[in-house]
Amino acid sequence: MKIEIVEQTIVYNIETENANYTLFVSENDNSYCNYELVDEDGNPVNDEDLLEQITEEINDMPLGFLK
């Protein structure tokens with residue numbers, strides 16, 4: 001039997017003062033991460049500054065399973 005993870009995704013809910021977002025972080029078997037930020041209507045958000053701020057806060061979060 002061969003079992004292989006091809007891609008795994010972590011989903012974050014982000015609440016700001018002005019809006020709510022969902023961030024999908026997918027990592028494939030080559031350790032490449034893809035970030036997709038969407039607004040509460042499911043539309044892609046192309047705000048590099050916001051994405052950078054969010055990823056910095058995520059990197060400061062403790063590692064592990066859900067709280």
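**Close-up views of a predicted model**

**View 1. Ala19 and what it touches.** Setting aside residues up to four places away in sequence, Ala19 touches Ile14 and Glu40. This is a predicted model, so read the views that follow with that in mind. Ala19 sits in the loop that runs between strand E1 (7-15) and E2.

**View 2. From Ala19 across to Asn59.** Here's a pair to look at together: Ala19 and Asn59 are 40 residues apart along the chain. Their C-alpha atoms are separated by 21 Å.

View 3. Thr22 belongs to strand E2, which covers residues 20-28. Is Thr22 buried or exposed? Its relative accessible area comes out at 18%, so Thr22 is buried. Leave out the neighbours within four places in sequence, and Thr22 is in contact with Val11, Tyr12, Asn13 and Ile14, plus Glu36, Leu37 and Val38.

**View 4. A patch of negative charge.** Which residues gather in the patch of negative charge on the surface? They are Asp47, Glu48, Asp49, Glu52, Glu56, Glu57 and Asp60. Take Glu56, one of the residues in that patch: Glu56 is found in helix H1, residues 48-59. With a relative accessible area of 45%, Glu56 is partly exposed.

Notes:
Residues are numbered from 1 along each chain as its sequence is written. This is a predicted model: local features need pLDDT of at least 70, side-chain atom pairs count only at pLDDT 80 or more; totals for chains, interfaces and linings use all residues. Side-chain values use heavy atoms; hydrogens and water are left out. Patches are made of residues with over 30% relative accessible area and no salt bridge: like charges are joined within 9 Å, nonpolar side chains (Val, Leu, Ile, Met, Phe, Trp, Tyr) within 5 Å. Accessible areas come from the Shrake-Rupley method with a 1.4 Å probe; for residues, only the protein chains shown count as cover. A salt bridge is a side-chain nitrogen of Lys or Arg within 4 Å of a carboxyl oxygen of Asp or Glu. Lys and Arg count as positive and Asp and Glu as negative; His and the chain ends are not counted. The place of a charge is taken as NZ of Lys, CZ of Arg, CG of Asp or CD of Glu. Helices (H or I, at least four residues) and strands (E, at least two) are DSSP runs, numbered from the N terminus. Buried means under 20% relative accessible area, exposed over 50%, partly exposed in between (1.4 Å probe, protein chains only). Contact means heavy atoms within 4.5 Å.
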